[in-house]
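This report goes through a selection of local features and then turns to the packing of side chains. Please keep the sequence and the model at hand while reading.

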Amino acid sequence: MNKEFNIQKQFYRIYKGYITVSEFEEWLYKTKEIESIYGSNFYFDLLDLNYRKKYIKNELMNLIETKIPFYAFEQERIMSLLESIIKEKNDLVDILEQLYEDYCSGYTFLRYLGLTYITGIDAIPKVEHKDEWDKNEFDRKRELLNSIKPKVINESMRLLSFFQKGLIKITEENDYSDYRREEDRIELNNIEGMFKE
């Protein structure tokens, strides 16, 4: 099962653009387990693709989408970002930027986190670029970030609990099923109330 998961994860990485087509092709030739897990036809179809063609990624995605549950990896990715906020791992600005992009792509349950980012946090310098900023300006902007951090953490815990209870489920990239009660969808119908709290 672990080999299958690792193969699926690599398929997800090419799907999301985390690796290049040439990196994928190199990995493919080294990973003969694909044949034993998914069958000869599928494996040989992958090998037969011309990885130098202009639109090879479309062909590749059409082929691997028949075998790989991308929605599961997509849900794991979103949950991992929420956990990183809660555990205060990585830079909060980076995480909120990614969640903002996910919100804009269709995950509307991320509305509060997305709007929190775009209404001021996007102007806060990232930790990796702090040398490019005046120290006082950097500290002042990071102070603003720290003042809203408790609300961001609370919202992340709230959303993560819905995932854990199966009330929000990613069904495919940029689409999800929402089984929450109407009053639990506060980010969709009372965003002003969330910002006031």
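This is a predicted model: local features need pLDDT of at least 70, side-chain atom pairs count only at pLDDT 80 or more; totals for chains, interfaces and linings use all residues.

When neighbours within four places in sequence are left aside, the contacts of serine 84 are with Lys89, Asn90 and Ile95.

Glutamate 88 is found in the loop between α6 and α7, the latter covering 92-105. The backbone of glutamate 88 has a phi near 55°, which is a positive value in a residue other than glycine.

With a relative accessibility of 29%, asparagine 174 counts as partly exposed.

## Leucine 47 in helix α4

Helix α4, made up of residues 40-48, contains leucine 47. The relative accessibility of leucine 47 is 21%, so this residue is classed as partly exposed, given that buried would require a value under 20%.

Once its neighbours within four places in sequence are set aside, leucine 47 is in contact with Leu28 and Tyr29. For leucine 28, which lies 19 residues away from leucine 47 along the chain, the separation between the two C-alpha atoms is 7.8 Å.

## Aromatic pairs and a charge over a ring

Across the whole structure, a search finds 16 aromatic pairs. In the pair of phenylalanine 24 and tyrosine 51, the ring centres are 6.3 Å apart and the planes meet at 45°, so the arrangement is tilted. This pair links distant parts of the chain, 27 residues apart, with phenylalanine 24 in helix α2 (residues 21-30) and tyrosine 51 in the loop between α4 and α5 (56-64). Phenylalanine 24 is buried, at a relative accessibility of 0%, and tyrosine 51 is buried as well, with a relative accessible area of 6%.

Ring pairs also join Phe5, Tyr12, Tyr15, Tyr18, Phe70 and Phe73 into a cluster. Elsewhere, arginine 180 is placed over the face of phenylalanine 162, at 5.0 Å from the centre of the ring.

## Nonpolar cores

The largest nonpolar core comprises 27 residues, and those with the most contacts inside it are Leu82, Leu99, Phe109, Leu110 and Leu113. Two or more residues are given to this core by each of α6, α7, α8 (111-118), α9 (135-164) and β1. The element that gives the most is α9, with seven residues. Apart from this core lies another, of 24 residues, which includes Ile7, Leu60, Met61 and Ile64.

Note on methods. Residues are numbered from 1 along each chain as its sequence is written. Side-chain values use heavy atoms; hydrogens and water are left out. Helices (H or I, at least four residues) and strands (E, at least two) are DSSP runs, numbered from the N terminus. Buried means under 20% relative accessible area, exposed over 50%, partly exposed in between (1.4 Å probe, protein chains only). Contact means heavy atoms within 4.5 Å. Rings of Phe, Tyr and Trp (its six-membered ring) pair if their centres lie within 6.5 Å; planes under 30 degrees apart count as stacked, over 60 as edge-to-face and the rest as tilted. A charge sits over a ring if NZ of Lys or CZ of Arg is within 6 Å of the ring centre and within 35 degrees of the ring normal. A nonpolar core is a set of buried Ala, Val, Leu, Ile, Met, Phe, Trp, Tyr and Cys residues joined through side-chain atoms within 4.5 Å.
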